[in-house]
Amino acid sequence: MSAGRSSDGDRASHRSLRRDFDDLVAEGAAVPTEGWDFSWFEGRATEARPSWGYARSMGERLAGATAVLDVQTGGGEVLDFALEAAGTRRAPLVVATEGWEPNVAEATRLLRPRGVPVVASADDAPLPFADGAFDLVVSRHPVQPHWDELARVLAPGGTYFAQHVGPASVFELIEYFLGPLPQENHRHRDPGRERADAEAAGLEVVGLRAERLRMEFFDVGAVVHFLRKVVWMVPGFTVEAYRDRLRDLHERIEAGGPFVAHSSRHLFDARKPDATRRPHARP
């Protein structure tokens with residue numbers, strides 16, 4: 001989705017179009033969902049970006065590593081951006097995994113010219129790599145971080161640097177369609193819990209930041225495409241199953257402006273201790 005907030009002029013132009021509900025829904029339902037490119041949303045939805053600039057920061061990390069694994073790369077877009085930012089300073093070995101078949105093909109198309117192999121690996125499967133194979137593991141929005149596996153493939157002294165989806169992310173939109181969710185659902189992906197899980201796997205969390213960010217959907221077509229693309233938001237979502245709610249949402253947006261939700265993100269910087277390094281002796 002496009003970054004930042006909309007201007008008042010953007011909002012006014014969207015309200016003035018008064019586009020037909022059926023046309024908008026059909027458009028949102030027809031757009032391909034492969035990859036992790038959100039450029040289609042330009043002018044139709046916005047999402048503020050975390051202040052830490054993950055893709056740019058990933059590029060800086062790639063420049064200082066020797067062997068890198070990108071877990072659940074999606075369509076490879078974030079890794080591609082980071083590799084471009086790293087330039088000739090990039091790590092000599094970079095590998096990516098992806099579990100969704102359409103994204104495997106998309107990521108391979110994008111990353112092969114950069115010399116990055118994409119390995120098809122289910123999100124819940126053990127990582128198909130040797131112990132201690134990488135000094136840097138990165139991931140943007142993993143479905144579920146498997147801390148034991150992440151710790152296993154990291155070399156001693158290696159780093160896990162990732163942006164995770166946080167608790168209750170976009171729940172305003174999810175609960176619009178599903179109704180109120182149990183409080184336990186609101187606590188899922190809590191960064192404090194994830195810190196504890198990372199430490200239980202033997203990692204040292206050296207940095208953890210969290211932000212909650214404003215999102216705006218300007219038309220119901222953008223909502224349809226978003227829910228088709230991010231399939232775990234409303235499981236089993238189809239236009240036919242939720243047509244009445246979509247029509248109500250369309251009328252709400254037309255009458256009152258964009259639908260507002262909030263995404264939740266946190267940045268993990270974790271290190272695998274190096275048992276071979278001894279602390280400096282005290283004077």
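This report describes selected helices, strands, cores and loop residues of a predicted model.

## Basis of the description

The model is predicted, so local features need pLDDT of at least 70 and side-chain atom pairs count only at pLDDT 80 or more, while totals for chains, interfaces and linings use all residues. Residues are numbered from 1 along each chain as its sequence is written, and side-chain values use heavy atoms, with hydrogens and water left out.

Helices (H or I, at least four residues) and strands (E, at least two) are DSSP runs, numbered from the N terminus. A residue is called buried under 20% relative accessible area, exposed over 50%, and partly exposed in between (1.4 Å probe, protein chains only).

## Helix α11

Helix α11 comprises the 14 residues 243-256. The expected span of a helix is 1.5 Å times one less than its number of residues. For α11 this gives 20 Å, which agrees with the 20 Å between its end C-alpha atoms.

The buried residues of α11 are L246, L249, H250, I253 and E254. Viewed down the helix axis, the buried residues of α11 fall within an arc of 135°, so they line one face; the arc is that of the directions from the helix axis to the C-beta atoms. An α-helix has 3.6 residues a turn, so residues three or four places apart point the same way. On the face of α11 turned away from the buried side are the exposed residues D244, A255 and G256. After α11 comes G257, with a positive phi near 100°.

## Strand β7 and its partners

Strand β7 (residues 154-165) is mostly covered, with ten of its twelve residues buried. Two strands are said to pair if DSSP finds at least two bridges between them. Strand β6 (residues 134-140) pairs with β7 in the parallel sense over six bridges, and L136 stands opposite T159 in β7. From β6 the chain passes through helix α6 (residues 147-153) to β7 in a right-handed β-α-β crossover; right-handed means that, with the strands pointing away from the viewer, the path from the first strand over the helix to the second runs clockwise.

Strand β9 (residues 259-271) pairs with β7 in the antiparallel sense over seven bridges. Within β9, L267 is the bridge partner of Q163.

## Nonpolar cores

A nonpolar core is a set of buried Ala, Val, Leu, Ile, Met, Phe, Trp, Tyr and Cys residues joined through side-chain atoms within 4.5 Å. The largest has 33 residues, of which L173, F177, F217, F226, L227 and L246 touch the most other members. At least two residues of this core come from each of α2 (21-30), α7 (171-178), β8 (204-217), α10 (220-229), α11 and β9. Helix α10 gives the most to this core, with six residues.

Leaving aside neighbours within four places in sequence, L246 is in contact (heavy atoms within 4.5 Å) with F21, F177, V220, V224, F237 and V239. A second, separate core of 23 residues includes L62, V118, V138 and F161.

## Individual buried residues

E149 lies in helix α6 and is buried, with a relative accessible area of 17%. Apart from neighbours within four places in sequence, E149 is in contact with P126 and L127.

Most residues other than glycine have a negative phi. H141, in the loop between β6 and α6, has a positive phi near 60° and counts as buried at 12% relative accessibility. V170, in the loop between β7 and α7, has a positive phi of about 60° although it is not a glycine. The relative accessible area of V170 is 1%, so this residue is buried.
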